[in-house]
Amino acid sequence: MKLLKIKIRGLKLFKDELEIDFFAEQRVGSEKNEMLSKLFSNIYINNVIALIGINASGKTSILKVISFVINMLNNEPINKIVYNDILNGINYEDEVIFETYFYSEENYINKLQTVVKRDDKSQDGENKYTIKEEKLWRKNLSAVKTKKGLFEFEKLNPVQIRNADEEFLMEDVSIIISLNKKYNSHFYIRDIINLTNTNQITFVGEFPPQLITFLDPSIEYLNLKHDGKKLEIRLKFKEKEEIVLYDPVELNNYLSSGTIKGINVFLNAMLAFNNGGYLIVDELENHFNREIVSTLIRFFMNEKINYKGATIIFSTHYSQLLDEFERSDDIYIVRNKNGINVEKLSKILKRNDIKKSEAYQSGYLQGTAPAYESYINFKNAIISGRIDEV
């Protein structure tokens, strides 16, 4: 299953409707470095999607929304999805409407409309939610002639409507569960948003020596094994004695933060490659140098490595990274002014003679560079010594 588009209305964090495309909207050329996988006919999926914006612009919130939608489509009760805090702030009379368009392996394009409300049976202070209304439309690929046609369902009747009498269906579980069970389908997702501020290895096993050498050539091997009772870590540097540890936190004394993050990110990427799924990473550049980040992106571009068409969705502050992109319909500019606003770069940068990083850094895109007044005030505070000891 592959996502094509999500549209969401009613989230309090966002200024307007949130819309994210996962397909290639711009023209597709014959080049092999366009970060695309062919889905069918002339429809391609973006293998790399970047969200870029200044601090506190809302990038992490968008990643959480995408993760929430995928987990909802994977039959997870919305009250148990780890990022259901995106719904915080909605009142009993409010509605959040999710429109999700996706391709399923039985050669159908699907539209699922899900209306979420705050549960009126919840107690004050509780954040419990229920799916109030839901409809599913389906059409065969043969009915799709253009990219625009992917999302045209107006003349079709829903194939399934949520029925209040369906006692077997929990109030916070999507009707998509019946489709998933019938075709044994789901979206494969590796979500490591929660590792943004916690740099600790989350895998056990014998790590590929090629990966370890790529990240740190001085390491001979690194293995983490769990026998059901305790964790044993064996680390050996070249021409050094083997080190045995029992707490992964202790690895911070021996490995760089970049090596630890690299193990987590690249192993998750390898799993995404094997399953054709989604890898979601917040602040991709943290702990990494530019070449390691670029290498990861190029892996997703390489059809021999990414042979099942996996997609990495990441946030970044690193504007130079945008120059790795041949396209601009897979880059989203995120701003926060009276609510989070998201715009596709291809909609706002029409000139091809401007480097993407320069357009971002210069403020040409508006709202993408730190405010000049804030910069001057901070600079003057440093000069005048007005920084109190904490």
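Author: Residues are numbered from 1 along each chain as its sequence is written, and side-chain values use heavy atoms, with hydrogens and water left out. In this predicted model, local features need pLDDT of at least 70 and side-chain atom pairs count only at pLDDT 80 or more, while totals for chains, interfaces and linings use all residues.

Reader: Why is the contact between R9 and E17 called a salt bridge?

Author: A salt bridge is a side-chain nitrogen of Lys or Arg within 4 Å of a carboxyl oxygen of Asp or Glu. For R9 and E17 the N to O distance is 3.5 Å. That is within 4 Å, so the pair qualifies. The structure holds 17 salt bridges.

Reader: What makes R9 and E17 partly exposed?

Author: Buried means under 20% relative accessible area, exposed means over 50%, and partly exposed is in between (1.4 Å probe, protein chains only). R9 has 31%. E17 has 36%. Both values fall in between, so both residues count as partly exposed.

Reader: How do you know that D94 and K12 form a salt bridge?

Author: Their closest N and O atoms are 3.2 Å apart. That is within 4 Å, so the name applies. The pair links distant parts of the chain, 82 residues apart. D94 is in the loop between α1 (59-73) and β6 (96-104). K12 is in the loop between β1 (2-9) and β2 (18-21). Helices (H or I, at least four residues) and strands (E, at least two) are DSSP runs, numbered from the N terminus.

Reader: Which residues are linked in a network of salt bridges?

Author: K5, E19, D21, E25, K344 and K347 are.

Reader: Why is S185 called buried?

Author: Its relative accessibility is 11%, which is under 20%, so S185 counts as buried. S185 is found in the loop between α2 (176-183) and β10 (189-191). Contact means heavy atoms within 4.5 Å. Leaving aside residues up to four places away in sequence, S185 touches M1, L179 and N180.

Reader: How do you know that β5 is largely enclosed?

Author: Five of the five residues of strand β5 (residues 48-52) are buried, so the rest of the structure largely encloses β5. Both faces are covered. V48, A50 and I52 are buried on one side, I49 and L51 on the other. In a regular strand the side chains alternate between the two faces of the sheet.

Reader: What makes β5 and β16 paired strands?

Author: Two strands pair if DSSP finds at least two bridges between them. β5 and strand β16 (residues 311-316) have five bridges, so they pair, in the parallel sense. L51 stands opposite S315 in β16. Three bridges join β5 to strand β17 (residues 331-336), also running parallel. There, I52 stands opposite I333.

Reader: Why are β2 and β9 called edge strands?

Author: An open sheet of six strands has the order β2-β1-β6-β7-β8-β9, with antiparallel pairing. β2 and β9 (160-161) each pair on one side only. Four bridges join β1 to β2. I6 has I20 in β2 as its bridge partner.
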